[in-house]
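The entries follow in the order in which I looked things up.

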Amino acid sequence: MANFFLDNKDLQYHMNHPLMKKIVELKEKGFADKDKYDYAPVDFEDAQDSYRRVMEIIGEICGDIVAPNAEGVDHEGPKVVDNHVVYAPGTAQNIEVMAKAGLFGLTLPRKYGGLNFPLVYFVMANEMVARADAGFENIWGLQDCAETLNEFASEEQKEKYLTRVCQGETCAMDLTEPDAGSDLQAVMLKAHWDEARGTWLLNGVKRFITNGDGHISLVLARSEEGTTDARGLSMFVYDRNNMAVKVRRIENKLGIKGSPTCELVFTDAPAELVGDRKMGLIKYVMSLMNAARLGIGAQSTGLSEAAYREALKYAKERQQFGKPIIEFPAIKELLSNMKAKLLGSRALLYETTRFVEIYKDYTHLSHDRKLEPAERAEMKAYTRLADAFTPMLKLMASEYCNDLAYDAIQVFGGSGYMKDYPVERLYRDARITNIYEGTSQLQVVAAIRHVTTGTYLNQIKEYEAQEYEQSHLKDRLVVLRETYEKCVAKVTATENNEFVDFHARRMVEMAAHIVISYLLMRQAGEVEDYRASAELYVKYAEMQVAAAARYIEQSTPADLELISDVENEA
Amino acid sequence: MKKTLKIVVLAKQVPDTRNVGKDAMKADGTVNRAALPAIFNPEDLNALEQALVLKDMFPGSRIDLLTMGPGRAAEIIREGMFRGADGGVLLTDRKFAGSDTLATSYALSRAVAKLNPDIIIAGRQAIDGDTAQVGPQVAEKLNLPQVTYAEEIVGFEGEELIIRRRLEHGVETVACSLPLVVTVNGSAPDCRPRNAKLVMKYKHAITPSECQQDEVSCYADLRTNRPYLNITEWNVSDVDADDQQLGLSGSPTKVKKIENVVFAAKEAKRLTGSDRDIESLIQELIASHTLG
């Protein structure tokens, strides 16, 4: 009888951010649906009450069904039968229950049968699902592909596909190929227009496709013959009912074993073009990718939550030298740092989500009517913040969830290394989060321009301008910001791009530590419960920023030769 | 066959006796209801699922929950609506207080008679009293056939409902004409989850008494435009019941004594199936007057 929403006060805290009122009103467009749909909210309070109730349903399903199924799913995994995926029984049950509870199409408009929930709640739901079973989060969370259809597809396509997503059909995004991983410009899968059949036909191979046998797939394909770069790529939607794609194999992975990672063979597979030709990678994949990165932020935070809870429980139960091991300072400190990172991840997750949400809602609004100048300015500002915070979140949350899973095993000691406890599964599951949807290194590539152009610094100064109860902490954060500014100035002054890249991760992480510190400090000002974690996080941030700053202080472009020379040494 | 059914599910709000803490009993040996969360009786949820399966088979069918209890038991009806029931009736009156199973069955049977359903489905028993008497007694009072220990309502064959029963030594499939009473075992499939849209649709459903207590608006406009948000409440006179057969006067059950049994922890004992072990166990049990 576990409920992953009700047992998580920190998660509930994030429902009540002051921006929520704006977010809900934007999403509900003045509560215009209230007379058309019997389940639409009539005002802000009514909406929040509905969200809370639905989060409770998800929390209960995660606690009572998805989490207990996770071990079996991890052991059995999906299979390929007759060129198609058969899920592990636990996965099939999870999908069935989620569908019966009406939890597909969470954010989609009501006219397609969706719940029209703000993104914040989709992220919360993803977090809970990932805490229960990170692999299942992939399958359920892929419903956010439908958001890309909602944004760019034709009304006819939306009618056809979104309705099905809301009824419980699953999605996939087919991007990667054997020779096109991080570099998607190299995608080769061919799309050609067949005049006789009056449809686009897809031919080729996709690899590492999560839930590749899902009902509805968004496929990146080369529609312009003779091209070799991004400008020849378009986005297509493929309907599994056509039965023209075979699953050649499922990868045997380290973790998230419940989530089928497929190699797909397209043979004259009919597909519909989504949006404009040649905009596949440039526009639509970027949209998919940003949503997916936010999703990984949620998945990582959910995994961190699971790892922390397992470790804490064990540390209280396990007795050595006549007392529970949590009473030993080394273990206690380990756990307290885990918690600070967990709360930090979550704080950054919801801050980022709010930014993404507001810019998306304005985008949708701009399709309905012309935006006022003030709205346009706001949309621009939030777009920039969303752009800056998404890779920062993906980087930090995924690295932290690896830290937490690693530390959780450490708390368990030898027992944690055994299959008898769930922490080894969490450790394996966590390992993919800083790889897929763009590795940590690629998140840094996306984030660095916000270091050099000052997006992060400006936002940090915004935070700095606010009042905080913990003024002693704030003074210390001002020092960190000054250090960060000095480092950035030093590195960028060289006007050497390679040197900037060399220190990019250090600088992005410095900014992230300061941002997270402010977020936790703001929480601590509101709720006494966050006082210790905020203070601990600031200490951790100081240590990390000092180390990075020291490195940068001592660094010159000559270091670039060092990292090359070392390879040739003994 | 095309048909629509009128189904009534008997459900009870019970203290959650599965998670009994040390405050579960008061010093006088009665249940401390305040210390135990009030929940939907688990087997009544199995019963509701069977009703919902029937509604899936015959779209357009209507499911009403019938529950007897204090005002707060309206929660059970909402809980049912969140999972797919169409509405319900709260049978509530001070005169019902203190009813044993006989008086309860009488009251419920009066309400069922007024609702006039094709099928009445109930959980086998409630986890607070564990009597398993109410379902069968309702059937007797209404002079209806009853199928107990049901695990699955399979569907219709002609005009007869086919039901699979779980018995001690196996499974029995029976056919029964309508109207009838079915009581459902906990081994039947779990009830489906609350559905997000239904929760949002029905969350403002309240009884007239709840509306009076509710000092906030209780979304009066909404409830005028959406009649299904008004949960029916019936008292003794609404169901034309005889006062004498209700409450304490209608309850022949007399509780002689309640003992608070404290289990003294003892070491576990492992026995093999050998004749010698069994013989020695029997001797021990006879010696402790457990047997014989």
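**Contact between the chains**

I looked up the contact first: 14 residues of chain A and twelve residues of chain B take part in it. I then asked which element gives the largest share of the side of chain B that touches chain A. I found helix α5 of chain B, residues 196-202, which supplies five residues. Sorted by class, I have six charged, five nonpolar and one polar residue on the side of chain B that touches chain A. I note that this is a predicted model.

**Strands of chain B**

I went on to strand β7 (residues 146-157) and strand β8 (residues 160-167) of chain B, which run antiparallel and are joined by six bridges. Within this pair, I see Phe156(B) opposite Leu161(B) of β8(B). The hairpin of β7(B) and β8(B) has two residues between the strands, and I read a positive phi near 65° for Gly158(B) there.

I followed β8(B) onward to strand β9 of chain B, residues 170-177. These two also run antiparallel, with eight bridges between them. They form a hairpin, again with two residues between the strands. I noted one bridge here, in which Leu167(B) has Gly170(B) of β9(B) as its partner.

**Domains of chain A**

I turned to chain A and listed its division: domain 1 (1-169), domain 2 (171-278), domain 3 (280-435) and domain 4 (440-558). How far apart are the C-alpha centres of domain 2 and domain 4 of chain A? I have 40 Å for that distance.

How values were computed:
Residues are numbered from 1 along each chain as its sequence is written. Chains are lettered from A and ligands numbered from 1 in the order in which they are written. This is a predicted model: local features need pLDDT of at least 70, side-chain atom pairs count only at pLDDT 80 or more; totals for chains, interfaces and linings use all residues. Two residues are in contact if their C-beta atoms, placed from the backbone, lie within 7 Å. Helices (H or I, at least four residues) and strands (E, at least two) are DSSP runs, numbered from the N terminus. Ala, Val, Leu, Ile, Met, Phe, Trp, Tyr, Cys and Pro count as nonpolar, Asp, Glu, Lys and Arg as charged, and the others, Gly among them, as polar. Two strands pair if DSSP finds at least two bridges between them. Domain bounds come from an automatic or database domain assignment.
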